[in-house]
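Have the sequence and the 3D view open as you read.

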Amino acid sequence: MGGTFDPIHYGHLVTAEEAFVRFKLDRVIFIPSGMPPHKSERKVADGAHRFIMAQMATITNPHFDVSRIEVDEKGPTYTVDTLKKLKVGEYKDAELIFITGADAILEIFTWKNPAELFTMCRFAAATRPGYVVSEDLLKSLDKFGTGKVDFFEVPALAISSTDIRRRVKEGRPVRYLLPDEVISYISKNGLYSE
Ligand code: ATP
Ligand code: MG
C-alpha cells in the first residue's frame, strides 16, 4: 500500500486490514512515498517522520510492515520503479497487489507508465459502501487487461490526512482519527502546526 502517509490514519489501517483478509494476503507492506510527484505543491513532512509514524501505527499488527524503499530515495518516486525494485529483491517470487483508495485509481492514468505498471501487479481499490464503480472507469481500466482491478468496500471512513493536518494546525481534535502514539509523535515534533 503506497501513499504519502502524512500522517498515517485509521482510514489507511482499516483499508489495509480489510484487504489483508479479503484477498488472503501474506503481508501488507506500507510504502511511504519519497517526494510525492502529485503533491509537490505543498510541503510534505520529512520521509523520516512519515516512516516512523507508519511504524508506530503498525507495530501491534504482525502482518503489517513498513518499507523504507521510497523514503530513502532522493528525488520523486514512482510506483512503477518501486515495484521493479521489489520484483528483483526481497519479493521476486511474490504476487504483488497494490492497495489503493478508489480516488487514487481514478488518477492512475496520470501515473508514470501505467501500462507497464499493470503488467507488474494487480490492484485492490477501496471504495465506500454505496460507491458505484462507473462503467466508463471499468472500460478504461479494461485496456490494461481485464480483472486487473478488484474493488472492495471498506466502512465509510471520512478520514483524510489533509483534514488531520488542518485540525492539528487549528488546534482542533484529532483523537480517534489516528493512533494515540502517532498523535503524540506529531505534537512532540511540532508537525503540521506552522
Ligand atoms: P491526503 O489528504 O494528504 O491526500 P490521504 O488521507 O488521502 O492524504 P494518502 O497518503 O494520500 O492519504 O493515501 C494513501 C492511500 O490510502 C491512497 O491509496 C488513498 O486512496 C487511500 N486512503 C486515504 N484515506 C483513506 C480512507 N479514509 N479510507 C480508505 N482509503 C484511504
Ligand atoms: Mg490522498
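## Ground rules

Helices (H or I, at least four residues) and strands (E, at least two) are DSSP runs, numbered from the N terminus. This is a predicted model, where local features need pLDDT of at least 70, side-chain atom pairs count only at pLDDT 80 or more, and totals for chains, interfaces and linings use all residues. Residues are numbered from 1 along each chain as its sequence is written, chains are lettered from A and ligands numbered from 1 in the order in which they are written, and side-chain values use heavy atoms, with hydrogens and water left out.

Let's start with the loops. Asn113 sits in the loop between helix 4 and helix 5. Asn113 isn't a glycine, yet its phi is positive, about 45°. Its relative accessible area is 38%, so Asn113 is partly exposed (buried means under 20% relative accessible area, exposed over 50%, partly exposed in between, with a 1.4 Å probe and protein chains only).

Phe5 is another non-glycine with a positive phi, about 50°. Phe5 belongs to the loop between strand 1 and helix 1, and it counts as buried because its relative accessibility is 2%. Pro7 lies in the loop between strand 1 (2-3) and helix 1, and the peptide bond from Asp6 to Pro7 is cis, with omega near 5°.

## Rings that pair up

Now look for aromatic side chains. Rings of Phe, Tyr and Trp (its six-membered ring) pair if their centres lie within 6.5 Å; planes under 30 degrees apart count as stacked, over 60 as edge-to-face and the rest as tilted. By this rule there are eight aromatic pairs. One of them is the edge-to-face pair of Phe30 and Phe64, 5.1 Å centre to centre with 70° between the planes. This pair links distant parts of the chain, as Phe30 is in strand 2 (residues 28-32) and Phe64 in strand 3 (residues 64-66), 34 residues apart. Is Phe30 buried or exposed? Phe30 counts as buried, at 0% relative accessibility, and Phe64 counts as buried at 7%.

Phe109 and Phe144 are stacked, because their ring centres are 5.6 Å apart and their planes are at 20°. They also join distant parts of the chain: Phe109 is in the loop between helix 4 (102-106) and helix 5 (114-120), and Phe144 is in the loop between helix 6 (135-142) and strand 6 (149-153), 35 residues apart. Phe109 is partly exposed at 30% relative accessibility, while Phe144 is buried at 15%. Ring pairs connect Phe98, Phe109, Trp111, Phe118, Phe123 and Phe144 into a cluster.

## Helix 7 and a pocket

Which helix gives the most to the lining of the second largest pocket? Helix 7 (residues 161-170) does, with four residues. On a 1 Å grid over the protein atoms alone, a pocket is an open set of points where a 1.4 Å probe fits, with protein on both sides within 12 Å along at least five of seven lines; lining residues have an atom within 4 Å of a point. Of the 14 residues that line the second largest pocket, Arg42, Lys43, Arg165, Tyr192 and Glu194 are the closest to its centre.

In helix 7, Ser161, Asp163, Ile164 and Arg165 are buried. Helix 1 (10-22) is among what covers the buried residues of helix 7, where contact means heavy atoms within 4.5 Å. Just after helix 7, Gly171 has a positive phi of about 70°.

Thr82 is in helix 3 (residues 79-88), and counts as buried because its relative accessible area is 4%. Leaving aside neighbours within four places in sequence, Thr82 is in contact with Ile31, Ile69 and Glu70. Ala104 lies in helix 4 and is buried, with a relative accessible area of 19%. The C-alpha atoms of Ala104 and Ala125 are separated by 8.2 Å, and the two residues are 21 residues apart along the chain.

Arg122 lies in strand 5 (residues 122-127) and is partly exposed, at 30% relative accessibility. Not counting residues up to four places away in sequence, those that Arg122 touches include Glu95, Phe98 and Asp150.
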